[in-house]
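Work through the exercises below with the sequence and the model in view. Try each task before you read its solution.

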Amino acid sequence: MTNTDERRRTPRAGTGRQDWSTWPHYDAAASGFRGYWYPVTWSSHVTGTPRAHQICGDKITLIRDGGRAYALHDRCPHRGIPLSMGNQQFPGTLSCVYHGWTFGLDDGELKAVITDGPDSRICGKVRVRTYPVEERLGMVWVYVPLAGEPPHPIDEQLPEELVSTPFVMGGRIDPRPGNWRFACENGYDEGHAKYLHRTSLWRLFKAMPTWNLTRIERKGRWVFRVQEEQFWSADFPGLGTWSNQRWWKLRPPKAKASNIGNTGAAKKIDPVIAAQEFPGFASVSMPGVLRIAYPKFIHYEFYVPVDDKSHRYVGVMVNFAEGLATLRFYAKYLGFVRWLFHGQFSGQDAAMVEATDAPPERLYRPDVSLTTWRALAEEEYGTKLEALK
Amino acid sequence: MTNTDERRRTPRAGTGRQDWSTWPHYDAAASGFRGYWYPVTWSSHVTGTPRAHQICGDKITLIRDGGRAYALHDRCPHRGIPLSMGNQQFPGTLSCVYHGWTFGLDDGELKAVITDGPDSRICGKVRVRTYPVEERLGMVWVYVPLAGEPPHPIDEQLPEELVSTPFVMGGRIDPRPGNWRFACENGYDEGHAKYLHRTSLWRLFKAMPTWNLTRIERKGRWVFRVQEEQFWSADFPGLGTWSNQRWWKLRPPKAKASNIGNTGAAKKIDPVIAAQEFPGFASVSMPGVLRIAYPKFIHYEFYVPVDDKSHRYVGVMVNFAEGLATLRFYAKYLGFVRWLFHGQFSGQDAAMVEATDAPPERLYRPDVSLTTWRALAEEEYGTKLEALK
Amino acid sequence: MTNTDERRRTPRAGTGRQDWSTWPHYDAAASGFRGYWYPVTWSSHVTGTPRAHQICGDKITLIRDGGRAYALHDRCPHRGIPLSMGNQQFPGTLSCVYHGWTFGLDDGELKAVITDGPDSRICGKVRVRTYPVEERLGMVWVYVPLAGEPPHPIDEQLPEELVSTPFVMGGRIDPRPGNWRFACENGYDEGHAKYLHRTSLWRLFKAMPTWNLTRIERKGRWVFRVQEEQFWSADFPGLGTWSNQRWWKLRPPKAKASNIGNTGAAKKIDPVIAAQEFPGFASVSMPGVLRIAYPKFIHYEFYVPVDDKSHRYVGVMVNFAEGLATLRFYAKYLGFVRWLFHGQFSGQDAAMVEATDAPPERLYRPDVSLTTWRALAEEEYGTKLEALK
């Protein structure tokens, strides 16, 4: 087991750290990182009737006009009334409910003030901030601006495998208490899954080790978690034996890590997924996107900052099937994934995210997954800021 | 239309203003202007049982004794228990529920301490602040003191026409969220009525223009809003036509302003109202009183500051009828004015007042009504403070 | 009545005081005095399932293991999750629900991390604060540490008569709003009882004077309230007569103070109680314990600080009966004491405690009971701090 001992001697970033001073940008991003695209809501929920949303602390109203979705700052500059209380009086515009200030949806310019007549001289002199909008994965995405920075194409930010490949998906969007960083760290956290979730129904279908040895590997803008070795039960000196084996999963799956991590006994891998050559089962990228690659489908979690105290959980299950095969996916997703995985399993996480209270914190070996993610965020965002100078 | 162009060139106070620094007193009066009389509640609600109220941030308890209403600071100086939790043990007094500290209703002096015996030597040494009280319009009014200033007679503050003329009235008092200044500005605001309220049932009985040209005129302690010209529909370049005409009000009333503003086609005017020679339909005065003069009755709104976040809406409809004619008024008021005007119509305002969030703000032409009101308040209160020096 | 006049000339500490600057330690103890034992909950409520509590602002989890109760700081040092959300995985330990960090109940040391395997090198390097625990009066008591100070034996803090004598008891623990000091001051307050509680059902069985003359006497770590003279009704100059006599208690009990204060007509005294030679009916001691000595039983109130805004009311009725006589006590307690005294009567106090708002305050003659208690607390705590230097 020398190489295991080797591994154990590798520096473990962050162990014993008490605060987040090592990651100043991350520490400051309580309300999220600006300068990224975020999914706000389902496309089908964006209609001709404006609705209010909040992302990274920004109040935003979404409205659909001529088939296209628009996002405006949800505040009329006149007296501060939310534009989401208003409605459309003219195509391509949104009028404030209070005095009929009418703004263009594309540029946010004040086009008319109904209660000030056609010769109103304030028109063209006032503007409401607008947000770049795209639609992907059946959701409306908004770009939250960072001082001066022009928005990058959303496809540069989406998981690569979702950009050009056809797929089917199912998912849910839930508002949740707790800071988005705790949600993201929980999602990527190597340590809790097998302990916290051992009581979930999901584990009926999934063998869980007691503990394992992990390697973190950077690949492009993603950080991967690689299971090196799994231990199905352990004998804790002076305390006793603790095992995560269950009678209905007698034979622990081969510990040999497949090319997508600890997915247990090697299974036929979906070609699209295989093509990605994911070094590991779980990976994370900015601005808070988790990817869990199963052999036949990929589960994504987007942690969308609402403010510094709450976030939106966006869980998506993707399958690269086409034609008839899609039916099998929908049956599987609606039949149990939605309830067991995106539901109860994920609900256990939600409880932890709400209860987490750090810093101060005291990290341990498996938290290398957290600290590497923080380092990634710190580095990528730092570079972004540099570029703006 | 030269004189219209004229008008359009008149300076428009406040257009484009972003904050309230121009009106420092007004800006500081978040919890109301002290040194004025305010209606607190209906006279019939003030009984021998003390009740707690709050005006301009002051906690006040009202109690009736020997037919007269009294107002005391709602805090026992002993241990801070609200006196409104207590009751009467002796005529002309109010006793604290906790230890029986007994205060005189007229001067607030500690007259006896039941639990300290007749020889209690603290009596006469402690005093609770009392407030001047008057009853008008079926309501109990309290004078909120301003350092050192002796209270002025309430009749100097009431709308002149209500002081000596007999009248009948109906009204409602509603606690409402939002700052009193937003409520007052909304009430006098020239701009929103025809847009926000176009969906109210009230407009079934009232024609509303799309926009109009307004002149503001000062008369005594009131500022009047005069409709110079009304436009029933408008064609907004690049957007289209917007009209406020309705099929059941085909013939827009003559735009010619009657002697009480845009009340539509000249109607027989109640002599009392005519006698006032109101330059305009709507007028406002300190400390936040709105007057809307209809041909046959007058609607008043008193915006009573509770604290900096909430206020009390006091809406009163007055008719100068006597004898049998009063029945017609009551029938009209209880039949629909109370529900359509003081109810749903006013409820639309309440929603705006709660949602208003200013400064910052960006004013436009019709907001001359707001800025003139602010200037009035600023000037009158400044003079008041001067006089105190 | 010379000696009465005498008495009236005795200095009355605190009369007229406006703030608490005279008692700096007391003023600073908004969340309670540290360095004392506090009852947290009933012993029967402490089981193998950890529960969350708060004392003096400290979050604490209580759990029972092998018959013994343990108290740990309710926060996992890893990520701040409350340990009370976890459960037991090994005897003598408590594991965090999130990652299975497992702490020893006796010393709080990190014994194992289930998700980091047997060789986890963080074990033994992390510790959760533990609290000394004792069980008395059927309750679990926790010692809230004061920097560096070793805990004193709980029996040195308990009312002497409860340490070695057998007794039976009944009681209730209620969470209550309001600062613990207001609760304690209310409990010992000489003034309010006969006025505030005159409307309680309890007074059906207890004569209450209108006012009385009081002497405060220090004995050991207790301060006693001694009724010198009672006045059953009083004539207040200019106001009238006020009496607390009731027809069903026509004969006011002899004012002669028994050896346990104004318990009315001398009754047979329980030998244990008599043995204490209580100078007075009511007494108080640190850290907020009230003792009301009736001839046949003693009522105690422990005011347990939760935080600076709320406390726990612990009311206990003790009887020194043995054998069959205990049945009579239980019948009496469950029959009416629990409902009339610990219930409605005490509920009136709760309302006052919640409403009290001081300082500022304006004290009067009977408040010598308050100021003496504050002086006691100030002195005892000062001595405690001195000893730590």
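**Exercise 1: The interface of chains C and A**

Across the interface of chain C and chain A, 15 residue pairs are in polar contact, both residues being at pLDDT 80 or more. A polar contact is a pair of N or O atoms within 3.5 Å; within protein, one must be able to donate a hydrogen and the other to accept it, and residues adjacent in sequence count only if both atoms are side-chain atoms. This is a predicted model, where local features need pLDDT of at least 70, side-chain atom pairs count only at pLDDT 80 or more, and totals for chains, interfaces and linings use all residues. Residues are numbered from 1 along each chain as its sequence is written, chains are lettered from A and ligands numbered from 1 in the order in which they are written, and side-chain values use heavy atoms, with hydrogens and water left out.

Task: Describe the interface of chain C and chain A.

Solution:
1. Find the elements. Strands S5 (93–95), S6 (101–104) and S7 (110–113) of chain C each give two or more residues to the side that touches chain A. Strands (E, at least two residues) and helices (H or I, at least four) are DSSP runs, numbered from the N terminus.
2. Pick the top one. S7(C) gives the most, with three residues.
3. Count residues. On chain C, 34 residues are in contact (heavy atoms within 4.5 Å) with 38 residues of chain A.
4. State the area. About 3,000 Å² is buried between the two chains, and carbon and sulfur atoms give 57% of this. Buried area is the accessible area (1.4 Å probe) that two parts lose on being put together, summed over both.
5. Look for charges. The rule finds five salt bridges across this interface. Each is a side-chain nitrogen of Lys or Arg within 4 Å of a carboxyl oxygen of Asp or Glu. A:Glu361 forms one with C:Arg79, with the closest N and O atoms 2.7 Å apart.

**Exercise 2: A helix of chain C**

Task: What should helix H7 (residues 368–388) of chain C span?

Solution:
1. Take the rule. The expected span is 1.5 Å times one less than the number of residues.
2. Apply it. The 21 residues should span 30 Å.
3. Check. The end C-alpha atoms are 30 Å apart, which agrees.

**Exercise 3: One threonine**

Task: Is B:Thr372 buried, partly exposed or exposed?

Solution:
1. Locate it. B:Thr372 is in helix H7 (residues 368–388) of chain B.
2. Read the value. B:Thr372 has a relative accessible area of 21%, so B:Thr372 is partly exposed. Buried means under 20%, exposed over 50%, partly exposed in between (1.4 Å probe, protein chains only).
3. List partners. Leaving aside neighbours within four places in sequence, B:Thr372 is in contact with B:Ile216 and B:Val223.
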